[in-house]
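Visitor: I have a new model open. Show me how to read its features, one at a time.

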Amino acid sequence: MSAASEPAVAGEQPGMWTRQGPYLLDMTTFGRLLEDIAGEVRAAGFVPDAVLAVARGGLAAGGYLTCALDVPVMHTVRVRRTADDSRYAAKQRPVVDASGSLGLGAGDKVLVVDDIVGTGATADAVLEFLAARGVAREDVRFAAVVRNHRSGYVPDHCPAVVDDWIVFPWETARESTEDCRPFPAAARVGT
C-alpha cells in the first residue's frame, strides 16, 4: 500500500509519513538542532521567564534550552496525544496534565519546548492551557526540534523538517533501530 493510499489516522494529513523507515536522530545532531533553536531565540530577542517542556519528548530539549538560554526555571506539562508509544501510533485528542501549580500567569514570557510537531494539536492544547492561566499569546514562543513536512502548525522555532517517523536518542534503548535511516542533513532548515 502506498503512502498516498493509506488510511489517515485521526488528526493526520495524508502523506505525513513516507513510511520508508524511520530516521535515527543521533545525540550529536540533536545537540546541533538545540543550538539552532537557542540561536534563533536569542536572535529574535525573546527572553523567556520560564521554559515549559512538554513531557516526555520535550524534557531533554527543555532542560538543554533552560541552561543554554540561562532561563531561571523550567516547568513541565504532560500532553497525552498518542494511543501508545508504537511507530505511527494512532492519535487522540490531546489531554493536558499539569500536576500542581506552574506559577505562570499574566506577564510571564514562556518558551514551550517539544520534540516534534505532527499536526499541531499538542501545540494548540498547550497554548490554550497557558491562555487559561492568563499568559498572553504574544508572550509565548513554541519551539520543536523537528516538525512534520505536512504539519498545519509551524512552530516559532524549529530547525528541521522531516517526512517520516523519528527515533530520538533517548528512545533507542526501547526501540529497534535496525531499519532506521540516518537523519538527513537536508532536513535542517536555515543552516
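Visitor: How many helices and strands does the chain have?

Guide: Start with the inventory, then the order. This is a predicted model. The chain holds nine strands and three helices. Along the sequence they run β-α-β-α-β-β-β-α-β-β-β-β.

Visitor: What share of the contacts joins residues 24 or more positions apart?

Guide: Look at sequence separation. Of the contacts in the chain with a separation of 6 or more, 71% link residues 24 or more positions apart.

Visitor: What percentage of the residues count as buried?

Guide: Buried means under 20% relative accessible area. By that cut-off, 47% of the 191 residues are buried.

Visitor: Is C67 buried or exposed?

Guide: Compare its accessibility with the cut-offs. Exposed means over 50%. C67 has 64% relative accessibility, so it counts as exposed. C158 has 11%, so it counts as buried.

Visitor: Why does the span of helix α3 agree with its 12 residues?

Guide: Check the expected span against the end-to-end distance. The expected span is 1.5 Å times one less than the number of residues. Helix α3 covers residues 121–132, so it should span 16 Å; its end C-alpha atoms lie 17 Å apart, which agrees.

Visitor: Which residues of α3 are buried?

Guide: List them by position. They are T122, A123, A125, V126, L127, F129 and L130.

Methods
Residues are numbered from 1 along each chain as its sequence is written. This is a predicted model: local features need pLDDT of at least 70, side-chain atom pairs count only at pLDDT 80 or more; totals for chains, interfaces and linings use all residues. Side-chain values use heavy atoms; hydrogens and water are left out. Buried means under 20% relative accessible area, exposed over 50%, partly exposed in between (1.4 Å probe, protein chains only). Helices (H or I, at least four residues) and strands (E, at least two) are DSSP runs, numbered from the N terminus. Contact means heavy atoms within 4.5 Å.
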